[in-house]
Amino acid sequence: MSIITIELLNKIKEHYTLDWLNGTHNFKHWARVFANGQQLSEQQGVNSKVVQLFSVFHDSQRRNEHLDPGHGPRGARLALHLREYLPLTDDEFELLTIACSEHTKSRTHDVISVQACFDSDRLDLWRIGVKPDPEFLCTPMGKLPATIEAAYERSINKISENPFGIVGSQFETVVV
Ligand SMILES: [Fe+2]
Ligand SMILES: [Fe+2]
């Protein structure tokens, strides 16, 4: 079940300074990261809530579409700013903070939920024409050829009819 709400997405959008409709790090990327994460959350021990929220925060504070090494920690700070909207325990929130902060600088992490966050993002490298390398994926499912192929299919198709698990007609209010 999705814990991403229209209200939360609109709050995040208020803080997003890049092009909402275009670009390689906008909500369409987030929606694919969400879908990748849903699949990866089938693995034992993965906290789906953390992976879902990672999808909408990890690139939310980018200041450009190129090199921006501080965007992960800034995304984590936005999550803290919007903490009241996040149905997470303190331990879960800590994992979300780690995943956002570390997603550009750590190859992997001891906790599988954080690994699944990293994989969900890296599997969408397809969007820039880069095939994800299993060596840089962390979870057993993430490394599977079928998972990498499924992520490719997501990258070439329109985002799903219910992005982030939200009914499409409701989601339209966030897109515009
Ligand atoms: Fe990022
Ligand atoms: Fe990303």
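Colleague: What spacing do the donors of the iron ion (ligand 2) follow along the chain?

Modeller: Those donors follow H-x28-H-D-x61-D. Keep in mind that this is a predicted model.

Colleague: Thanks! And which residues coordinate the iron ion (ligand 2)?

Modeller: His-29 and His-58 each use NE2, while Asp-59 and Asp-121 each use OD, at 2.2 Å from the iron ion (ligand 2).

Colleague: Where do His-29 and His-58 lie?

Modeller: His-29 is in helix 2, and His-58 is in the loop between helix 3 and helix 4, so the pair ties together parts that are 29 residues apart in sequence.

Colleague: Is His-29 buried or exposed? And what about His-58?

Modeller: His-29 has 0% relative accessibility, so His-29 counts as buried. His-58 is buried too, again at 0% relative accessibility.

Colleague: What about the angles among the four donor atoms of the iron ion (ligand 2)?

Modeller: They run from 86 to 179°, and the site is irregular.

Colleague: How far apart are the two iron ions, and which residue coordinates both?

Modeller: They are 3.9 Å apart, and Asp-59 coordinates both. Asp-59 lies in the loop between helix 3 (48-57) and helix 4 (71-81), and His-103 in the loop between helix 5 (90-102) and helix 6 (112-122), so this pair ties together parts that are 44 residues apart in sequence. Both Asp-59 and His-103 are buried.

Colleague: Which residue forms a salt bridge with Asp-59?

Modeller: Arg-62 does, with the closest N and O atoms 3.9 Å apart. Asp-59 has a relative accessible area of 2%, and Arg-62 is buried as well, at 8%.

Colleague: How many salt bridges does the count come to?

Modeller: The count is seven. One of them joins Lys-49 and Glu-92, whose closest N and O atoms are 3.3 Å apart. Lys-49 is in helix 3 and Glu-92 in helix 5, so this pair ties together parts that are 43 residues apart in sequence.

Colleague: Are those two partners buried or exposed?

Modeller: Lys-49 is partly exposed, with a relative accessible area of 27%, whereas Glu-92 is buried at 12%.

Colleague: Which residue meets Arg-83 in a salt bridge?

Modeller: Asp-90 does, at 3.1 Å from N to O. Asp-90 counts as exposed, with 60% relative accessibility. There is also a network in which salt bridges that share partners join Arg-32, Asp-124 and Arg-127.

Colleague: Switching topic to the largest nonpolar core: which residues touch the most other members?

Modeller: Of its 48 residues, those are Leu-53, Val-56, Phe-57, Leu-86, Leu-96 and Phe-164. Helices supplying at least two residues each include helix 1 (6-14), helix 2 (27-40), helix 8 (145-156) and helix 9 (168-175).

Colleague: And what does Leu-86 touch?

Modeller: Leaving aside residues up to four places away in sequence, Leu-86 touches Leu-8, Leu-53, Phe-57, Ala-79, Phe-93 and Leu-96.

Key
Residues are numbered from 1 along each chain as its sequence is written. Chains are lettered from A and ligands numbered from 1 in the order in which they are written. This is a predicted model: local features need pLDDT of at least 70, side-chain atom pairs count only at pLDDT 80 or more; totals for chains, interfaces and linings use all residues. Side-chain values use heavy atoms; hydrogens and water are left out. Donors are N, O and S atoms within 2.8 Å of the metal (3.2 Å for Na, K and Ca); water is not among the atoms, so sites may look incomplete. Helices (H or I, at least four residues) and strands (E, at least two) are DSSP runs, numbered from the N terminus. Buried means under 20% relative accessible area, exposed over 50%, partly exposed in between (1.4 Å probe, protein chains only). A nonpolar core is a set of buried Ala, Val, Leu, Ile, Met, Phe, Trp, Tyr and Cys residues joined through side-chain atoms within 4.5 Å. Contact means heavy atoms within 4.5 Å. Four donors count as tetrahedral if all angles lie between 85 and 135 degrees; four count as square planar and six as octahedral if opposite donors are over 155 degrees apart and all others between 65 and 115; anything else is irregular. A salt bridge is a side-chain nitrogen of Lys or Arg within 4 Å of a carboxyl oxygen of Asp or Glu.
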